[in-house]
Amino acid sequence: MNVQAKNIPLNTGKPSELRDYIAMIERDHPKEILRISDEIDPAKFEATAILANLEEKGINPMVVFERPINQLGKVSPFPLITNIYSSRRRDALALGLKANQDRIDLSIEYARREQRRVPPVRMNSADAPVKQVIKVGDQVDLRELPIVRHHRMDPAPYIDMAPIMRDPEMGHYNIAFLRMMYKGPRKLGIHMSPRHNWQMCRKNELKNQPTPTAIIVSHHPAFFLGSLNVAPFGTDDYEVLGAMMNEPIRLVPSQTWGEDFMVPADAEMIIEGEIPPNVREVEGPFGEFPGTYGPQRLRWIIDVKAMTHRKNAIYQDIFVGHADDWVMGAIPKEGALYNRIKGVVPGVKAVHLPNSGVGRFNCYISIDKRVDGESKQAAFIALGEVDFVKNVVIVDGDIDPYNEQEVMYAVATRTQANEDVDIIKNSKGNTLDPSQTDDIMTAKMIIDATRPMKRPFSTRLDVPAEVRARFPIEKYFK
């Protein structure tokens, strides 16, 4: 398996735009996109109903709803695009790779770019596409947007894209996917787990001051893939995103805070608002990434101050709790794990976080094992590096970790539970894991589904490769 991703040069030409990506998919990969011209109401589950029906049939195109109904009961001026990330092929294309580089090549290329830094550049606001339409104060009406209500128990439609915040002490920017509940024409609820954005908000709240935030509603897919980076706190995400997109992020002063808060000029749409200190309201429940509902809680709110967007802007959404969510969450972790494991287990071939584990909880690692202990070495690294991971399956190099039937074949034929399964109790878990009986602690499992090195082991069946090569199936299916 070739795991050397292409070293793509920095793009110094036209900036990457969502609409150019859509046009490329339609031109070169027309089966990867579905346009629906019927009127549908996203706030009444009609968008996600169509997505769920496609998913049930094993079809996962990105979908453009050309005539979505907004909160005012009218056809929104903004078409709705969703399910972009459910295909690794489309994710590879978003990063400028070839469609067939959608496995470990994609993950390694992501990890390579994540280590680089490309500083942003500034441009004039008058030339910024995202400033083509500017609305401030009472001019803003979120009811114009085709905000999606995703699952039955969601109490309201949600914007589930990525807000940017700036650290009030260190000055760096952080972007992360957070859920934002529609509460009114200029009001949102927001849930934050105790990670980077939460830390920034907490610093402001301790000083009794609001936290500025700019919600990037829609942008090129590489921008949002880059926002899932796992760089340490203190890293400026604009620099990481520039590396991910292979071009400097072009920034302009925000409409609300001017040069004190810079926003991406090439976004399709940005909503600016402030999180007031010490204000909490009921938020949730919400269908979260594990495919289960997160509970109702008291959470922060956002007072919306401004909205800027392109003329004929496109509104973007993530089909949370489904492949659209799981695939994009897996890719950033796979490359980092591969590189970390390779330093200790040189025979590692691939690392995959499958959709069956919601792109986070299960981890399949393929290795060309030299000695028996390497399986557990690789597993311990995976468990230590990514706190989401709870079940690790190690397979031999002849097993394709992207093919779950192959992985389960290895578990069935190369594993003895009393010798090859280890349970690690009292490990740190994830608060959204519905199987946990404790808010923090969980158990983790390692399954060594590799052949032993110290004794003979039955050889797997195979048909001679040279003969198979003479009979390609394309000869019979024309």
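Q: How do I read strand pairing here, for instance, which residue is the bridge partner of V282 in strand 18?
A: Strands here are DSSP runs of E with at least two residues, helices are runs of H or I with at least four, and both are numbered from the N terminus. Two strands pair if DSSP finds at least two bridges between them. For V282, the bridge partner in strand 18 is L298. Strand 15, which spans 281-283, pairs with strand 18 in the antiparallel sense over three bridges.

Q: What should I keep in mind about the model itself?
A: This is a predicted model, in which local features need pLDDT of at least 70, side-chain atom pairs count only at pLDDT 80 or more, and totals for chains, interfaces and linings use all residues. Residues are numbered from 1 along each chain as its sequence is written, and side-chain values use heavy atoms, with hydrogens and water left out.

Q: Which other strands pair with strand 18 in the antiparallel sense?
A: Find strand 18 at residues 297-309, where strand 5 (residues 133-136) joins it over four bridges. I134 faces T308 in that strand. Strand 10 (residues 187-190) also pairs with strand 18 over four bridges, and K187 stands opposite D303. Strand 14 (residues 269-275) has six bridges to strand 18, with M269 opposite H309.

Q: How do I read a sheet, and in what order do the strands of the five-stranded open sheet lie?
A: In a regular strand the side chains alternate between the two faces of the sheet. Here the five strands follow the order 20-21-22-24-23, with mixed pairing. At the edges are strand 20 (348-352) and strand 23 (421-428), each pairing on one side only. On average, neighbouring strands of this sheet are turned by 15° against each other, direction ignored; such angles run from 0 to 180 degrees between N-to-C directions, and the axes are lines fitted to C-alpha atoms, for helices over the stretch in contact.

Q: How many bridges join strand 23 to strand 24?
A: Six bridges join strand 23 to strand 24 (residues 441-449), and the two run antiparallel. One place to look is K428, which stands opposite M441 in strand 24.

Q: Which strands does helix 9 lie across?
A: Contact means heavy atoms within 4.5 Å. Helix 9 (residues 374-385) lies across strand 21 (362-367), strand 22 (391-396), strand 23 and strand 24. Its direction is at about 145° to strand 22.
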